[in-house]
Amino acid sequence: MQEKVEAQNILSMNSVEVLYDNVMLAIKGVSVQVPKGEMIALLGSNGAGKSTTLKAISGLLKAERGRISRGEITFQGTDITEALAQKRVEMGICHVIEGRRVFEHLTPDENLTAAAPRGMSRSTLNAEKEKIYGYFPRLAERKNSQAGYLSGGEQQMLAIGRALVTQPKLLMLDEPSLGLAPFLVEEIFGILQKINKDEGLSVLLVEQNALAALEIVSQGYLIENGRVVMHGTAEALKSNSDIQEFYLGGGETDFHNVKHYSRRKRWLS
Amino acid sequence: MDWVFLSELAINGALTGLLYSLFAIGLVLIYKASSVPNLAQGGLTMVGAYVVLALARDVGLPLWLAIPLAAVVMLGLGFGIERVALRRLAGRPVVMILMLTLGLDIFLRGTTLAIWGGTSRSMELGVSYDPLFLGDIFISRIHLVGAGVALALFVAFMLFFRTRTGIKLRAIADDYMASWSVGIAVERGVGLSWALASVVAVAAGVIWGEIQGVDQALSLLLLKGLTVAVLGGLDSILGAVIAGIILGVVENVGADFLDPLVGGGSRELIVAAVLILTVMIRPHGLFGRHDIERV
Ligand SMILES: Nc1ncnc2c1ncn2[C@@H]1O[C@H](COP(=O)(O)OP(=O)(O)OP(=O)(O)O)[C@@H](O)[C@H]1O
Ligand SMILES: [Mg+2]
């Protein structure tokens with residue numbers, strides 16, 4: 001039974017602790033499972049530890065003087081806790097980092113080329129590019145302009161497209177909706193959903209915009225203060241009153257005030 | 001006004017300027033990948049020249065073989081510098097890397113002094129010193145050859161930066177973190193930029209070694225090379241070429257006007273003025289990349 005569960009999870013993160021600069025404990029025993037082919041959301045407010053969780057999985061922690069001090073991460077059954085970032089990309093984990101970060105002085109087309117894995121043939125690369133331009137027709141239109149001058153939405157599309165060139169099996173996105181108009185968020189999330197359906201790509205989506213995220217994922221995790229405080233199906237989370245109050249902007253706030261304080265305290269402890 | 005003489009000054013200035021460009025291209029290659037002006041580029045150029053001499057004189061190889069072999073040796077040295085010294089500094093402040101390159105320059109000068117001593121040796125490329133006349137204008141052959149090498153390298157690098165590897169290098173120059181995130185081998189890319197700059201140093205070392213002899217003074221080319229690189233914008237190869245021509249012409253023509261007035265030595269003043277004014281008035285140089293700011 002245990003084995004069967006393992007086989008279904010493309011990614012399994014168990015009680016991971018991350019230290020920055022050897023002193024700052026940023027996440028404190030986070031466990032997250034991503035079932036193969038599903039879309040999972042990681043929700044939480046500023047400083048909760050969402051980006052740190054993704055960096056632990058992609059191996060980018062090292063670049064920020066962070067390290068995993070406890071716990072383990074397995075990807076498709078292989079322990080990757082200590083693997084180099086580059087190796088993880090080769091294995092099929094790609095992390096679209098916070099804040100878009102396209103290669104500004106390159107054209108969108110060159111941005112895609114830059115991400116080509118070692119040894120990818122020119123014809124495969126061109127086929128990948130065509131597929132990506134198919135998902136994001138706006139990028140195709142502007143493929144030879146300078147990426148730094150694309151609009152925020154186009155840059156986010158490019159950042160996702162660039163990640164897709166690496167042919168990931170697990171795509172992790174760090175707040176792709178940040179600073180984008182609602183219709184653009186909808187467009188980008190729609191495309192993510194389409195890629196997930198068409199190619200069976202597993203997705204781990206970090207969002208503060210819980211409302212939009214819970215519309216497209218099957219399950220969600222809520223992180224507060226470096227710990228997972230809630231985990232459930234998207235439906236369950238959407239109907240949860242805490243989530244409604246803090247993340248979906250709803251709920252009857254008046255007499256819940258006292259109660260939510262105590263609940264919040266429970267998360268923080 | 002003697003127009004023939006003035007054009008002679010300008011043309012020879014431009015040729016000398018392209019030799020500065022030859023040196024500056026190495027600086028630009030490293031700046032593009034590490035965002036730091038490599039203060040050891042002069043030292044590398046000097047070592048490049050010494051290695052060619054060692055292979056040609058001490059081992060006895062013909063020059064046509066010694067030069068490419070030296071390029072291979074320097075390629076290895078460039079990769080080695082990244083592997084041994086720079087990799088540890090990843091993520092540290094850029095000023096630390098700058099200090100490291102300064103230390104490296106001193107180290108390289110000391111090493112050549114210990115191995116080959118301080119007496120100047122000649123390169124003996126076999127380029128004729130017979131005057132070459134373009135109409136009435138006298139042109140130095142070795143300068144013409146050097147300018148040709150500079151332009152050839154310029155074209156080669158422009159093409160290189162359109163290849164997949166070249167594009168990855170430019171991506172690294174743009175954003176290390178984003179490069180890591182898509183699996184680009186950032187460290188290897190930085191190593192490659194040092195290796196290429198070391199190969200450029202062989203070309204500059206051979207030409208400048210022929211012109212002024214091979215000794216530790218070759219490393220002082222850094223001052224003019226840096227001025228050219230800064231004027232060109234530090235990260236632009238095209239900028240390095242055009243700025244080299246500009247500095248060469250301004251220096252040569254300017255010195256002819258100023259030297260009688262100040263009694264000689266005005267070349268250094270002109271170079272210093274160009275460097276200082278560029279930094280004050282146009283810090284991005286002529287073709288430097290600005291950080292893109294969208295409104
Ligand atoms: N490079 C770093 N060095 C030291 N501390 C860090 C570093 N990066 C993050 N932290 C700390 O770790 C904690 C978690 O940060 P993280 O960036 O993971 O949060 P987040 O959930 O992504 O927040 P946001 O929504 O604001 O992006 C914070 O307290 C933050 O200050
Ligand atoms: Mg974050």
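## The shell around ligand 1

Helix α2 of chain A gives the largest share of the shell around ligand 1, with 3 residues. Helices here are DSSP runs of H or I with at least four residues, strands are runs of E with at least two, and both are numbered from the N terminus. This is a predicted model, where local features need pLDDT of at least 70, side-chain atom pairs count only at pLDDT 80 or more, and totals for chains, interfaces and linings use all residues; side-chain values use heavy atoms, with hydrogens and water left out. As for labels, residues are numbered from 1 along each chain as its sequence is written, while chains are lettered from A and ligands numbered from 1 in the order in which they are written.

The shell holds 15 residues, and the closest are A:N46, A:K50, A:S51, A:T52 and A:E98. To be near the ligand, a residue needs one of its heavy atoms within 4 Å of it. Two elements of chain A, β2 (24–35) and α2 (50–58), each supply at least two residues of this shell. Sorted by class, the shell has 7 polar, 4 charged and 4 nonpolar residues. In that sorting, Ala, Val, Leu, Ile, Met, Phe, Trp, Tyr, Cys and Pro count as nonpolar, Asp, Glu, Lys and Arg as charged, and the others, Gly among them, as polar.

## Polar contacts with ligand 1

Now for some polar contacts, meaning pairs of N or O atoms within 3.5 Å (within protein, one must be able to donate a hydrogen and the other to accept it, and residues adjacent in sequence count only if both atoms are side-chain atoms). The side chain of A:E98 has an N or O atom 2.6 Å from an oxygen atom of ligand 1. For A:Q208, a polar side-chain atom sits 2.9 Å from a ligand oxygen, and for the side chain of A:E175 the distance to a ligand oxygen is 3.0 Å. On its own, ligand 1 would expose 630 Å², and the protein buries 71% of that. These accessible areas come from the Shrake-Rupley method with a 1.4 Å probe; for residues, only the protein chains shown count as cover.

## The magnesium ion

Ligand 2 is a magnesium ion, and its protein donors are A:S51 (OG) and A:E98 (OE), at 1.9 to 2.6 Å from it. The pair links distant parts of the chain: A:S51 is in helix α2 of chain A, A:E98 is in the loop between β6 (93–96) and α4 (108–114), and they are 47 residues apart. Donors are N, O and S atoms within 2.8 Å of the metal (3.2 Å for Na, K and Ca), and water is not among the atoms, so sites may look incomplete.

How covered are these two residues? A:S51 is buried, with a relative accessible area of 13%, while A:E98 is partly exposed at 35%. The cut-offs are under 20% for buried, over 50% for exposed, and in between for partly exposed (1.4 Å probe, protein chains only).

## Chain B and its annotated spans

Over in chain B, an unreviewed UniProt entry marks "transmembrane region" at residues 12–31, 62–81, 93–117, 137–160, 192–209 and 221–249. UniProt positions are given in the numbering used here, feature names are shortened, and annotations may be inferred rather than shown by experiment.

In the model, residues 93–117 of chain B are 92% helix and 0% strand, with the end C-alpha atoms 36 Å apart. Residues 137–160 of chain B come out as 83% helix and 12% strand, and their end C-alpha atoms lie 36 Å apart.

## Two positive phi angles

A:N225 is not a glycine, yet it has a positive phi of about 55 degrees. Look for A:N225 in the loop between β9 (219–224) and β10 (227–233) of chain A, where it is partly exposed at 36% relative accessibility.

B:E124 is not a glycine either, and its phi is positive at about 50 degrees. This residue lies in the loop between α4 (94–116) and β1 (132–134) of chain B, and B:E124 counts as exposed at 53% relative accessibility.

## Pairs along the chain

A:L237 lies in helix α10 (residues 234–239) of chain A and is buried, with a relative accessible area of 2%. Between A:L237 and A:Y221 there are 8.8 Å, C-alpha to C-alpha, and they are 16 residues apart in sequence.
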